[in-house]
Amino acid sequence: MDDAMLEIRGASVSYGAVRAVSDLDLTVGAGEVVAVLGANGAGKTTTLRAITALVPYAGSIRFDGDEVSAVGTEELARRGLIHVPEGRHIFGSLSVHENLLMGLPARAGRTGGYTVDDVYDLFPPLVALRNRSGWALSGGEQQMVAVGRALVAAPRLLLLDEPSLGLAPIVVAAVYRALREVAKTTPMLVVEQNTGAVLDLCDRGVVLADGRQVVEGTAAELGGRRDLLDSYLGQRVLDEAEA
């Protein structure tokens, strides 16, 4: 893909004798939203950690043409590769507003993107909570703050790890409604188990099983292969996605 912002070729990650990701090939182009689907332990989170140079890898992972291992995690963030990790990891001692402001240093002078006020427009529940400490927020409110903080950093490519994990269906709907708006201007790579939500957002996706890429296709193609997705993700996951 000539306009690929992210290009992964033959990437593998091992933790000692355990191979967590094997020979992954994946691209994300400018203007694309790509999903990585898989059950727990499939290698999804490890893939994002390798992309942001948090774990060593074999093969090649390039962002804007540069090998990420040579660039480093902090510089990647300054270049606009922004990662929202699983578990949110907001600052419990800071207020909602202060947490959002923490995204500003990663902007590194880039113009455009989202302001803090834009984030409040995307996530109206945060307006009344702007002075509440992070530790006092619900899981859904924390996820909104985590995504909002990433948007304030003006991402050129946004990585999201399980944005619906542990959230009530009404909160998942609110988060994905905001992400659909973000997708109009910001490429994304989204790791998920919630098939229904992410296939409504993405252009195409891949399915991982035991660290290997086993299925890929457009969102429509993947959505039409429920029996195959079920064999890799499990019926429980599909049922939750439809709840």
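The legends below describe close-up views of a predicted model. Local features need pLDDT of at least 70 and side-chain atom pairs pLDDT 80 or more, while totals for chains, interfaces and linings use all residues. Residues are numbered from 1 along each chain as its sequence is written, and side-chain values use heavy atoms, without hydrogens and water.

**View 1. An open sheet of 4 strands has the order S2-S1-S4-S5, with antiparallel pairing.** Strands are DSSP runs of E, at least two residues, and helices are runs of H or I, at least four, numbered from the N terminus. Two strands pair if DSSP finds at least two bridges between them. Strands S2 (18-29) and S5 (66-67) are at the edges with a single partner strand each, so one side of each has no neighbour in the sheet. Strand S1 (residues 4-15) pairs with S2 over 8 bridges; Ser-14 has Arg-19 in S2 as its bridge partner.

**View 2. Strand S7 (residues 157-161) is mostly covered.** Of its 5 residues, 5 are buried, meaning under 20% relative accessible area with a 1.4 Å probe, protein chains only. Leu-157, Leu-159 and Asp-161 point one way, Leu-158 and Leu-160 the other. S7 runs parallel to strand S6 (residues 81-84), joined by 4 bridges, and His-83 stands opposite Leu-159.

**View 3. Leu-126 is one of the residues with the most contacts inside the largest nonpolar core.** Such a core is a set of buried Ala, Val, Leu, Ile, Met, Phe, Trp, Tyr and Cys residues joined through side-chain atoms within 4.5 Å.

Key. Buried < 20%, exposed > 50% of the residue type's maximum accessible area, 1.4 Å probe, protein only.
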